[in-house]
Amino acid sequence: MSNDIIINTDIEKSKISRHIYGHFAEHLGRGIYEGIWVGEDSPIPNTNGIRNDVLKALKQIKVPVLRWPGGCFADEYHWKDGVGPRENRKRMINTHWGGVVENNHFGTHEFMMLCEMLGCEPYICGNVGSGTVQEMSEWVEYMTFDGESPMANWRKENGREQPWKLKYFGVGNESWGCGGNMRPEYYADLYRRYQTFVRNYGDNRIYKIAGGANVDDYNWTEVVMKNAHWLMDGLSLHYYTIPGDFWLGKGSSTEFTDDEWTITMKKALYMDELIKKHGTIMDKYDPKKRIGLIIDEWGTWFDPEPGTNPGFLYQQNTIRDALVAAIHFNIFHNHADRVHMANIAQTINVLQAMILTEGEKMLLTPTYHVFDMFKVNQDAVALAVDNNFEEYQSKNEHLPKISISASKDGHNKVHINLACLDHLEGTEFSIELRGMNLDRATINGTILTADEKNAHNTFEHPDYVKPAIFDNYTIKNGKLSVKLPPMSVAVISVDEGEK
Ligand code: AHR
(Lines give C-alpha, C1' and ligand atoms only; values in the text may rest on other atoms or scores of the structure.)
Protein backbone atom coordinates (compact mmCIF):
# COMPACT_ATOMS: atom_id res chain seq x y z
CA MET A 1 0.00 0.00 0.00
CA SER A 2 1.35 3.43 -0.89
CA ASN A 3 1.43 6.16 1.70
CA ASP A 4 0.03 8.80 -0.60
CA ILE A 5 -2.62 11.19 0.60
CA ILE A 6 -4.67 13.45 -1.62
CA ILE A 7 -6.34 16.53 -0.21
CA ASN A 8 -8.96 17.83 -2.61
CA THR A 9 -8.78 21.51 -1.83
CA ASP A 10 -11.64 22.16 -4.25
CA ILE A 11 -14.03 19.59 -2.75
CA GLU A 12 -15.52 21.34 0.23
CA LYS A 13 -17.58 19.35 2.71
CA SER A 14 -19.36 20.78 5.72
CA LYS A 15 -18.38 23.72 7.86
CA ILE A 16 -16.55 22.62 11.00
CA SER A 17 -18.55 24.36 13.69
CA ARG A 18 -16.26 26.05 16.17
CA HIS A 19 -18.44 24.43 18.83
CA ILE A 20 -16.68 21.14 18.13
CA TYR A 21 -13.93 22.74 20.24
CA GLY A 22 -16.32 23.13 23.17
CA HIS A 23 -15.72 22.45 26.85
CA PHE A 24 -17.48 20.98 29.83
CA ALA A 25 -16.96 22.12 33.44
CA GLU A 26 -18.90 20.38 36.20
CA HIS A 27 -19.17 20.90 39.93
CA LEU A 28 -16.82 17.99 40.42
CA GLY A 29 -13.62 17.82 42.45
CA ARG A 30 -11.41 20.85 41.79
CA GLY A 31 -12.94 21.59 38.39
CA ILE A 32 -14.95 24.67 39.32
CA TYR A 33 -13.76 25.43 42.85
CA GLU A 34 -10.01 26.16 42.75
CA GLY A 35 -9.80 25.41 39.00
CA ILE A 36 -11.91 28.39 37.96
CA TRP A 37 -13.50 29.99 40.98
CA VAL A 38 -11.28 31.09 43.86
CA GLY A 39 -13.49 33.90 45.17
CA GLU A 40 -12.83 37.61 45.25
CA ASP A 41 -10.86 37.46 48.52
CA SER A 42 -8.42 34.79 47.36
CA PRO A 43 -4.66 35.51 47.36
CA ILE A 44 -4.66 33.86 43.91
CA PRO A 45 -4.90 36.73 41.42
CA ASN A 46 -8.47 36.85 40.14
CA THR A 47 -11.07 38.99 38.44
CA ASN A 48 -14.38 38.99 40.28
CA GLY A 49 -13.44 35.62 41.80
CA ILE A 50 -12.27 33.91 38.57
CA ARG A 51 -8.57 33.11 38.50
CA ASN A 52 -6.64 35.22 36.00
CA ASP A 53 -4.10 32.61 34.87
CA VAL A 54 -6.82 30.15 33.88
CA LEU A 55 -8.86 32.86 32.18
CA LYS A 56 -5.87 33.92 30.08
CA ALA A 57 -5.04 30.34 29.09
CA LEU A 58 -8.64 29.58 28.11
CA LYS A 59 -8.94 32.75 26.04
CA GLN A 60 -5.86 31.70 24.09
CA ILE A 61 -7.55 28.50 22.85
CA LYS A 62 -10.73 30.38 21.93
CA VAL A 63 -13.20 28.33 23.97
CA PRO A 64 -16.38 28.66 21.88
CA VAL A 65 -18.93 27.12 24.25
CA LEU A 66 -18.93 25.92 27.86
CA ARG A 67 -21.29 23.29 29.26
CA TRP A 68 -22.30 23.59 32.95
CA PRO A 69 -23.18 22.66 35.77
CA GLY A 70 -22.91 18.92 34.95
CA GLY A 71 -22.87 16.02 34.21
CA CYS A 72 -24.44 13.96 36.91
CA PHE A 73 -24.36 17.04 39.12
CA ALA A 74 -26.88 18.78 36.84
CA ASP A 75 -29.65 16.36 37.78
CA GLU A 76 -29.34 17.20 41.44
CA TYR A 77 -28.65 20.90 40.99
CA HIS A 78 -31.34 23.31 42.07
CA TRP A 79 -30.42 26.61 40.50
CA LYS A 80 -32.24 28.76 43.04
CA ASP A 81 -29.70 27.64 45.66
CA GLY A 82 -26.99 29.37 43.62
CA VAL A 83 -28.32 32.94 43.24
CA GLY A 84 -28.55 35.89 45.61
CA PRO A 85 -25.98 37.03 48.19
CA ARG A 86 -23.29 34.37 48.42
CA GLU A 87 -23.19 34.33 52.19
CA ASN A 88 -26.85 33.27 52.24
CA ARG A 89 -26.54 30.49 49.69
CA LYS A 90 -27.41 26.99 50.73
CA ARG A 91 -24.64 24.59 51.62
CA MET A 92 -25.35 21.13 50.27
CA ILE A 93 -23.57 17.83 49.77
CA ASN A 94 -22.22 16.94 46.37
CA THR A 95 -23.38 13.35 46.64
CA HIS A 96 -22.11 12.29 43.23
CA TRP A 97 -18.63 13.62 43.52
CA GLY A 98 -16.73 12.97 46.71
CA GLY A 99 -19.49 13.84 49.21
CA VAL A 100 -17.96 17.26 49.78
CA VAL A 101 -19.76 20.45 50.75
CA GLU A 102 -20.99 22.52 47.83
CA ASN A 103 -21.44 26.09 49.02
CA ASN A 104 -23.14 27.26 45.82
CA HIS A 105 -20.80 30.25 45.52
CA PHE A 106 -20.45 29.57 41.82
CA GLY A 107 -23.97 29.85 40.44
CA THR A 108 -25.82 31.23 37.45
CA HIS A 109 -24.47 34.80 37.69
CA GLU A 110 -20.88 33.61 38.14
CA PHE A 111 -21.17 31.14 35.25
CA MET A 112 -22.65 33.72 32.90
CA MET A 113 -19.95 36.20 33.92
CA LEU A 114 -17.29 33.59 33.14
CA CYS A 115 -18.79 33.03 29.68
CA GLU A 116 -18.84 36.75 29.06
CA MET A 117 -15.20 37.02 30.11
CA LEU A 118 -14.25 34.13 27.80
CA GLY A 119 -16.44 35.42 24.97
CA CYS A 120 -18.06 31.98 24.68
CA GLU A 121 -21.61 30.66 24.45
CA PRO A 122 -23.09 29.28 27.67
CA TYR A 123 -24.55 25.78 27.44
CA ILE A 124 -26.69 25.01 30.47
CA CYS A 125 -27.84 21.54 31.38
CA GLY A 126 -31.21 21.49 33.17
CA ASN A 127 -32.38 19.11 35.88
CA VAL A 128 -34.88 16.47 34.74
CA GLY A 129 -33.83 13.74 37.19
CA SER A 130 -34.75 15.46 40.46
CA GLY A 131 -36.11 18.82 39.36
CA THR A 132 -39.54 19.97 38.34
CA VAL A 133 -40.81 21.33 35.05
CA GLN A 134 -41.56 24.59 36.86
CA GLU A 135 -37.99 24.84 38.16
CA MET A 136 -36.54 24.36 34.68
CA SER A 137 -39.00 26.77 33.14
CA GLU A 138 -38.27 29.43 35.77
CA TRP A 139 -34.51 29.10 35.24
CA VAL A 140 -34.92 30.00 31.58
CA GLU A 141 -37.25 32.86 32.54
CA TYR A 142 -34.73 34.08 35.13
CA MET A 143 -31.92 34.14 32.61
CA THR A 144 -33.61 35.36 29.45
CA PHE A 145 -36.82 37.29 30.16
CA ASP A 146 -36.62 41.02 29.55
CA GLY A 147 -39.51 42.70 31.31
CA GLU A 148 -41.72 42.42 34.33
CA SER A 149 -41.96 38.88 35.71
CA PRO A 150 -41.25 37.23 39.06
CA MET A 151 -38.03 35.62 37.84
CA ALA A 152 -36.81 38.59 35.83
CA ASN A 153 -37.46 40.86 38.81
CA TRP A 154 -35.51 38.50 41.07
CA ARG A 155 -32.59 38.50 38.61
CA LYS A 156 -32.58 42.30 38.71
CA GLU A 157 -32.67 42.30 42.51
CA ASN A 158 -29.64 40.02 42.35
CA GLY A 159 -27.72 42.59 40.35
CA ARG A 160 -28.31 41.75 36.71
CA GLU A 161 -30.59 44.19 34.92
CA GLN A 162 -30.35 42.90 31.36
CA PRO A 163 -31.26 39.33 30.51
CA TRP A 164 -28.47 37.12 29.24
CA LYS A 165 -28.41 35.57 25.80
CA LEU A 166 -28.72 31.82 26.21
CA LYS A 167 -28.73 29.55 23.18
CA TYR A 168 -27.81 26.04 24.28
CA PHE A 169 -29.97 24.25 26.83
CA GLY A 170 -29.79 20.53 27.64
CA VAL A 171 -32.91 18.80 28.94
CA GLY A 172 -31.33 16.41 31.45
CA ASN A 173 -28.06 14.51 31.48
CA GLU A 174 -27.48 10.78 31.14
CA SER A 175 -31.13 10.10 31.91
CA TRP A 176 -30.39 6.41 31.25
CA GLY A 177 -28.03 6.45 34.28
CA CYS A 178 -27.18 9.02 36.94
CA GLY A 179 -29.91 11.31 35.59
CA GLY A 180 -32.73 8.99 36.64
CA ASN A 181 -32.15 5.44 35.32
CA MET A 182 -34.93 5.89 32.80
CA ARG A 183 -35.98 3.81 29.83
CA PRO A 184 -35.78 5.65 26.51
CA GLU A 185 -39.58 5.53 26.13
CA TYR A 186 -40.04 7.25 29.48
CA TYR A 187 -37.30 9.81 28.83
CA ALA A 188 -38.73 10.63 25.39
CA ASP A 189 -42.06 11.46 27.03
CA LEU A 190 -40.39 13.52 29.75
CA TYR A 191 -38.31 15.32 27.14
CA ARG A 192 -41.48 16.25 25.25
CA ARG A 193 -43.01 17.61 28.42
CA TYR A 194 -40.03 19.48 29.91
CA GLN A 195 -38.92 21.07 26.65
CA THR A 196 -42.41 22.54 26.14
CA PHE A 197 -41.72 24.92 29.01
CA VAL A 198 -38.21 25.88 27.92
CA ARG A 199 -39.49 29.09 26.36
CA ASN A 200 -38.11 31.54 23.86
CA TYR A 201 -38.45 35.00 25.42
CA GLY A 202 -38.09 38.10 23.24
CA ASP A 203 -35.59 37.40 20.52
CA ASN A 204 -33.71 34.75 22.51
CA ARG A 205 -33.87 31.44 20.65
CA ILE A 206 -33.03 28.27 22.55
CA TYR A 207 -31.33 25.36 20.84
CA LYS A 208 -32.79 22.40 22.74
CA ILE A 209 -30.58 19.40 23.32
CA ALA A 210 -32.19 16.08 24.22
CA GLY A 211 -30.29 13.63 26.39
CA GLY A 212 -28.83 11.00 24.11
CA ALA A 213 -27.24 7.62 24.29
CA ASN A 214 -24.47 6.07 26.26
CA VAL A 215 -21.82 4.76 23.86
CA ASP A 216 -23.45 2.13 21.60
CA ASP A 217 -27.00 2.19 22.96
CA TYR A 218 -28.51 2.53 19.50
CA ASN A 219 -31.96 1.65 20.81
CA TRP A 220 -31.90 4.84 22.91
CA THR A 221 -31.22 6.93 19.82
CA GLU A 222 -33.91 5.12 17.86
CA VAL A 223 -36.62 5.54 20.51
CA VAL A 224 -35.85 9.17 21.40
CA MET A 225 -35.57 10.22 17.76
CA LYS A 226 -38.76 8.40 16.80
CA ASN A 227 -40.78 9.99 19.58
CA ALA A 228 -39.39 13.49 19.81
CA HIS A 229 -37.14 14.40 16.87
CA TRP A 230 -39.29 17.34 15.76
CA LEU A 231 -38.98 18.92 19.20
CA MET A 232 -35.20 18.94 19.44
CA ASP A 233 -32.29 20.76 17.82
CA GLY A 234 -29.61 18.48 19.15
CA LEU A 235 -29.22 14.99 20.58
CA SER A 236 -26.28 14.21 22.81
CA LEU A 237 -23.87 11.27 22.86
CA HIS A 238 -21.40 10.38 25.60
CA TYR A 239 -18.35 8.27 24.97
CA TYR A 240 -15.16 8.08 27.03
CA THR A 241 -11.88 6.48 25.97
CA ILE A 242 -11.10 3.98 28.73
CA PRO A 243 -8.25 1.55 28.06
CA GLY A 244 -9.30 -0.84 30.86
CA ASP A 245 -12.64 -1.65 32.40
CA PHE A 246 -14.90 1.07 33.83
CA TRP A 247 -15.59 -0.84 37.06
CA LEU A 248 -12.61 -3.16 37.41
CA GLY A 249 -9.83 -0.69 36.68
CA LYS A 250 -9.53 1.88 33.91
CA GLY A 251 -5.74 1.99 33.86
CA SER A 252 -3.23 4.54 35.04
CA SER A 253 -2.87 7.90 33.29
CA THR A 254 0.93 7.71 33.34
CA GLU A 255 2.03 4.11 33.99
CA PHE A 256 0.91 2.03 31.02
CA THR A 257 2.25 -0.64 28.70
CA ASP A 258 2.73 -0.59 24.93
CA ASP A 259 -0.45 -2.61 24.62
CA GLU A 260 -2.40 -0.11 26.67
CA TRP A 261 -1.16 2.62 24.35
CA THR A 262 -2.50 0.71 21.35
CA ILE A 263 -5.81 -0.13 23.02
CA THR A 264 -6.24 3.53 23.91
CA MET A 265 -5.73 4.52 20.26
CA LYS A 266 -8.17 1.83 19.14
CA LYS A 267 -10.79 2.96 21.61
CA ALA A 268 -10.40 6.59 20.58
CA LEU A 269 -10.90 5.59 16.93
CA TYR A 270 -14.15 3.88 17.94
CA MET A 271 -15.77 7.32 18.05
CA ASP A 272 -15.92 7.16 14.25
CA GLU A 273 -18.08 4.02 14.27
CA LEU A 274 -20.34 5.47 16.96
CA ILE A 275 -20.97 8.63 14.97
CA LYS A 276 -21.67 6.66 11.81
CA LYS A 277 -24.11 4.28 13.49
CA HIS A 278 -25.97 6.84 15.63
CA GLY A 279 -25.92 9.13 12.60
CA THR A 280 -27.56 6.48 10.42
CA ILE A 281 -30.44 6.21 12.89
CA MET A 282 -30.75 9.99 13.02
CA ASP A 283 -30.77 10.11 9.19
CA LYS A 284 -33.92 8.00 9.21
CA TYR A 285 -35.85 10.73 11.03
CA ASP A 286 -33.78 13.71 10.01
CA PRO A 287 -32.32 13.14 6.54
CA LYS A 288 -31.43 16.81 6.14
CA LYS A 289 -29.25 16.66 9.25
CA ARG A 290 -30.99 19.57 10.94
CA ILE A 291 -30.45 17.97 14.34
CA GLY A 292 -26.91 18.12 15.63
CA LEU A 293 -25.21 15.16 17.23
CA ILE A 294 -23.87 16.88 20.33
CA ILE A 295 -20.99 14.90 21.77
CA ASP A 296 -21.08 16.78 25.03
CA GLU A 297 -18.85 14.40 26.98
CA TRP A 298 -15.75 12.82 25.46
CA GLY A 299 -12.15 12.21 26.43
CA THR A 300 -9.95 9.81 28.35
CA TRP A 301 -11.00 8.39 31.69
CA PHE A 302 -8.26 6.75 33.75
CA ASP A 303 -7.93 5.73 37.38
CA PRO A 304 -7.65 8.76 39.66
CA GLU A 305 -4.13 9.83 40.62
CA PRO A 306 -2.98 7.83 43.66
CA GLY A 307 -3.49 9.75 46.88
CA THR A 308 -6.28 11.95 45.54
CA ASN A 309 -9.99 11.77 46.42
CA PRO A 310 -11.32 9.10 44.01
CA GLY A 311 -14.54 11.10 43.70
CA PHE A 312 -12.62 14.02 42.22
CA LEU A 313 -11.59 12.23 39.00
CA TYR A 314 -8.22 13.98 38.92
CA GLN A 315 -5.83 12.46 36.39
CA GLN A 316 -2.53 13.37 34.72
CA ASN A 317 -2.36 13.99 31.01
CA THR A 318 0.37 12.68 28.69
CA ILE A 319 1.28 12.72 25.03
CA ARG A 320 -1.13 9.75 24.77
CA ASP A 321 -3.98 12.12 25.68
CA ALA A 322 -2.79 14.52 23.00
CA LEU A 323 -3.11 11.74 20.42
CA VAL A 324 -6.61 10.91 21.68
CA ALA A 325 -7.62 14.56 21.31
CA ALA A 326 -6.22 14.82 17.77
CA ILE A 327 -7.94 11.58 16.71
CA HIS A 328 -11.26 12.91 18.02
CA PHE A 329 -10.92 16.25 16.26
CA ASN A 330 -10.10 14.57 12.96
CA ILE A 331 -13.15 12.33 13.34
CA PHE A 332 -15.37 15.29 14.27
CA HIS A 333 -14.09 17.30 11.28
CA ASN A 334 -14.82 14.41 8.97
CA HIS A 335 -18.39 14.19 10.32
CA ALA A 336 -19.00 17.91 10.61
CA ASP A 337 -22.29 17.54 8.74
CA ARG A 338 -23.81 15.78 11.76
CA VAL A 339 -21.53 16.65 14.68
CA HIS A 340 -22.46 20.23 15.49
CA MET A 341 -20.86 20.45 18.92
CA ALA A 342 -18.50 18.49 21.17
CA ASN A 343 -17.44 19.24 24.74
CA ILE A 344 -14.35 17.68 26.22
CA ALA A 345 -14.67 16.32 29.74
CA GLN A 346 -13.48 18.35 31.50
CA THR A 347 -11.75 21.72 31.27
CA ILE A 348 -9.71 21.86 34.51
CA ASN A 349 -8.47 19.29 37.04
CA VAL A 350 -11.02 16.64 36.01
CA LEU A 351 -10.53 13.73 33.55
CA GLN A 352 -8.88 14.80 30.26
CA ALA A 353 -8.20 18.33 31.38
CA MET A 354 -6.62 21.22 29.50
CA ILE A 355 -5.31 22.75 32.70
CA LEU A 356 -4.14 21.36 36.03
CA THR A 357 -3.79 23.51 39.13
CA GLU A 358 -2.21 23.10 42.53
CA GLY A 359 -3.00 26.05 44.77
CA GLU A 360 -1.70 29.08 42.91
CA LYS A 361 0.27 26.97 40.40
CA MET A 362 -1.09 26.09 36.99
CA LEU A 363 0.12 23.98 34.08
CA LEU A 364 -1.06 23.39 30.54
CA THR A 365 -1.45 19.76 29.51
CA PRO A 366 -0.56 18.14 26.16
CA THR A 367 -4.30 18.13 25.43
CA TYR A 368 -4.37 21.92 25.86
CA HIS A 369 -1.69 22.22 23.21
CA VAL A 370 -3.74 20.19 20.73
CA PHE A 371 -6.70 22.52 21.30
CA ASP A 372 -4.38 25.45 20.66
CA MET A 373 -2.82 23.97 17.51
CA PHE A 374 -6.15 22.80 16.06
CA LYS A 375 -8.11 26.00 16.76
CA VAL A 376 -7.34 27.15 13.18
CA ASN A 377 -10.03 24.69 12.12
CA GLN A 378 -12.81 26.49 14.01
CA ASP A 379 -15.48 27.48 11.46
CA ALA A 380 -13.28 26.38 8.54
CA VAL A 381 -14.70 24.09 5.86
CA ALA A 382 -13.71 20.42 5.93
CA LEU A 383 -12.01 19.21 2.76
CA ALA A 384 -12.29 15.80 1.12
CA VAL A 385 -9.24 13.66 1.87
CA ASP A 386 -8.32 10.43 0.04
CA ASN A 387 -6.21 8.40 2.37
CA ASN A 388 -5.06 4.86 1.73
CA PHE A 389 -2.53 4.80 4.45
CA GLU A 390 -0.67 1.76 5.72
CA GLU A 391 -1.75 0.14 8.96
CA TYR A 392 0.56 -0.66 11.79
CA GLN A 393 0.42 -3.75 13.89
CA SER A 394 0.94 -3.94 17.58
CA LYS A 395 0.36 -7.36 19.11
CA ASN A 396 -2.97 -8.44 17.70
CA GLU A 397 -4.24 -5.01 16.79
CA HIS A 398 -4.11 -3.48 13.33
CA LEU A 399 -4.55 0.25 13.48
CA PRO A 400 -4.24 3.08 10.99
CA LYS A 401 -0.77 4.53 11.27
CA ILE A 402 -2.02 8.10 10.97
CA SER A 403 -5.14 10.11 11.56
CA ILE A 404 -5.80 13.02 9.20
CA SER A 405 -8.27 15.74 8.32
CA ALA A 406 -8.00 18.95 6.37
CA SER A 407 -9.86 22.23 6.25
CA LYS A 408 -9.90 25.54 4.42
CA ASP A 409 -10.44 28.69 6.45
CA GLY A 410 -12.03 32.02 5.52
CA HIS A 411 -8.69 33.28 4.12
CA ASN A 412 -8.34 30.22 1.85
CA LYS A 413 -5.58 28.81 4.02
CA VAL A 414 -5.53 25.04 4.07
CA HIS A 415 -4.82 23.30 7.36
CA ILE A 416 -3.65 19.69 7.42
CA ASN A 417 -4.22 18.01 10.78
CA LEU A 418 -2.07 14.96 11.35
CA ALA A 419 -1.35 12.47 14.08
CA CYS A 420 1.04 9.50 14.02
CA LEU A 421 -0.61 6.87 16.23
CA ASP A 422 2.36 4.53 16.34
CA HIS A 423 4.39 5.30 19.44
CA LEU A 424 7.42 3.29 18.32
CA GLU A 425 8.07 4.19 14.71
CA GLY A 426 7.44 7.34 12.73
CA THR A 427 6.32 7.49 9.14
CA GLU A 428 6.96 9.18 5.80
CA PHE A 429 4.38 10.07 3.21
CA SER A 430 3.46 12.50 0.49
CA ILE A 431 0.47 14.78 0.33
CA GLU A 432 -0.92 16.04 -2.93
CA LEU A 433 -2.94 19.20 -2.46
CA ARG A 434 -5.12 18.92 -5.52
CA GLY A 435 -6.14 22.37 -6.74
CA MET A 436 -3.21 24.22 -5.12
CA ASN A 437 0.18 25.25 -6.41
CA LEU A 438 2.70 24.53 -3.69
CA ASP A 439 5.57 26.30 -5.44
CA ARG A 440 4.23 29.69 -4.57
CA ALA A 441 2.72 28.76 -1.21
CA THR A 442 3.82 29.76 2.27
CA ILE A 443 3.90 26.75 4.56
CA ASN A 444 4.03 26.67 8.35
CA GLY A 445 3.99 23.73 10.69
CA THR A 446 3.66 23.03 14.41
CA ILE A 447 4.28 19.73 16.12
CA LEU A 448 3.67 18.18 19.54
CA THR A 449 5.65 15.06 20.30
CA ALA A 450 7.74 13.43 23.02
CA ASP A 451 10.45 10.84 23.59
CA GLU A 452 8.54 8.69 26.05
CA LYS A 453 4.97 7.51 25.67
CA ASN A 454 4.02 8.78 29.12
CA ALA A 455 5.66 12.21 28.80
CA HIS A 456 3.66 14.82 30.69
CA ASN A 457 3.95 18.21 32.32
CA THR A 458 4.39 18.59 36.06
CA PHE A 459 4.34 21.63 38.31
CA GLU A 460 8.14 21.30 38.51
CA HIS A 461 8.51 20.95 34.71
CA PRO A 462 5.40 22.57 33.23
CA ASP A 463 6.88 22.83 29.72
CA TYR A 464 8.21 19.32 29.29
CA VAL A 465 5.68 18.61 26.53
CA LYS A 466 5.04 21.65 24.41
CA PRO A 467 4.59 22.47 20.74
CA ALA A 468 7.56 23.26 18.48
CA ILE A 469 7.98 24.47 14.94
CA PHE A 470 7.55 21.61 12.46
CA ASP A 471 9.60 21.78 9.28
CA ASN A 472 10.31 18.17 8.48
CA TYR A 473 8.76 18.42 5.04
CA THR A 474 9.92 19.24 1.52
CA ILE A 475 8.18 19.89 -1.76
CA LYS A 476 8.87 17.12 -4.29
CA ASN A 477 7.18 16.97 -7.69
CA GLY A 478 4.54 19.41 -6.57
CA LYS A 479 3.68 17.32 -3.51
CA LEU A 480 4.42 17.77 0.14
CA SER A 481 6.73 15.09 1.42
CA VAL A 482 6.34 14.75 5.21
CA LYS A 483 8.25 12.85 7.90
CA LEU A 484 6.34 12.47 11.15
CA PRO A 485 8.01 11.12 14.27
CA PRO A 486 6.28 8.48 16.39
CA MET A 487 3.51 9.61 18.77
CA SER A 488 3.14 13.03 17.26
CA VAL A 489 0.44 15.55 16.44
CA ALA A 490 1.13 18.13 13.73
CA VAL A 491 -0.72 20.89 11.93
CA ILE A 492 0.66 22.10 8.60
CA SER A 493 -0.90 25.27 7.19
CA VAL A 494 -0.55 26.08 3.53
CA ASP A 495 -1.24 29.58 2.26
CA GLU A 496 -1.23 30.04 -1.51
CA GLY A 497 -1.78 33.76 -1.20
CA GLU A 498 -3.75 35.71 -3.80
CA LYS A 499 -4.49 33.74 -7.01
O1 AHR B 1 -17.63 13.67 33.40
C2 AHR B 1 -17.88 12.88 34.52
C3 AHR B 1 -19.24 12.24 34.49
O4 AHR B 1 -19.31 11.32 33.45
C5 AHR B 1 -20.42 13.14 34.22
O6 AHR B 1 -20.86 13.79 35.36
C7 AHR B 1 -21.45 12.20 33.72
O8 AHR B 1 -22.38 12.81 32.87
C9 AHR B 1 -20.64 11.11 33.06
O10 AHR B 1 -21.05 9.86 33.46
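With which residue does Glu34 form a salt bridge, and how far apart are the closest N and O atoms? In this predicted model, the partner of Glu34 is Arg30, and the closest N and O atoms are 2.8 Å apart. Glu34 is partly exposed, at a relative accessible area of 23%, and Arg30 is likewise partly exposed, at 21%. The count of salt bridges comes to 29.

A salt bridge also joins the side chains of Asp422 and Lys401, with an N to O distance of 2.8 Å. Asp422 lies in the loop between β20 and β21, whereas Lys401 lies in the loop between β18 and β19, so the pair ties together parts 21 residues apart in sequence. Asp422 is buried, with 6% relative accessibility, and Lys401 is buried at 5%.

Arg440 and Glu496 meet through their side chains in a further salt bridge (3.4 Å, N to O). Because Arg440 is located in the loop between β21 and β22 and Glu496 in the segment after β26, this pair ties together parts 56 residues apart in sequence. Arg440 is partly exposed at 45% relative accessibility, while Glu496 is buried at 8%. Through shared partners, salt bridges connect Asp283, Asp286, Lys289, Asp337 and Arg338 into one network.

The largest nonpolar core comprises 120 residues, and those with the most contacts inside it are Phe169, Ile295, Trp298, Phe332 and Val489. Helix α8 (residues 319-334) supplies the largest share of this core, ten residues. Beyond its neighbours within four places in sequence, Val489 contacts residues including Ala322, Leu323, Ala326, Val370 and Phe374. A second, separate core of 27 residues includes Ala406, Ile447, Leu480 and Ala490.

How values were computed. Residues are numbered from 1 along each chain as its sequence is written. This is a predicted model: local features need pLDDT of at least 70, side-chain atom pairs count only at pLDDT 80 or more; totals for chains, interfaces and linings use all residues. Side-chain values use heavy atoms; hydrogens and water are left out. A nonpolar core is a set of buried Ala, Val, Leu, Ile, Met, Phe, Trp, Tyr and Cys residues joined through side-chain atoms within 4.5 Å. Buried means under 20% relative accessible area, exposed over 50%, partly exposed in between (1.4 Å probe, protein chains only). Helices (H or I, at least four residues) and strands (E, at least two) are DSSP runs, numbered from the N terminus. Contact means heavy atoms within 4.5 Å. A salt bridge is a side-chain nitrogen of Lys or Arg within 4 Å of a carboxyl oxygen of Asp or Glu.
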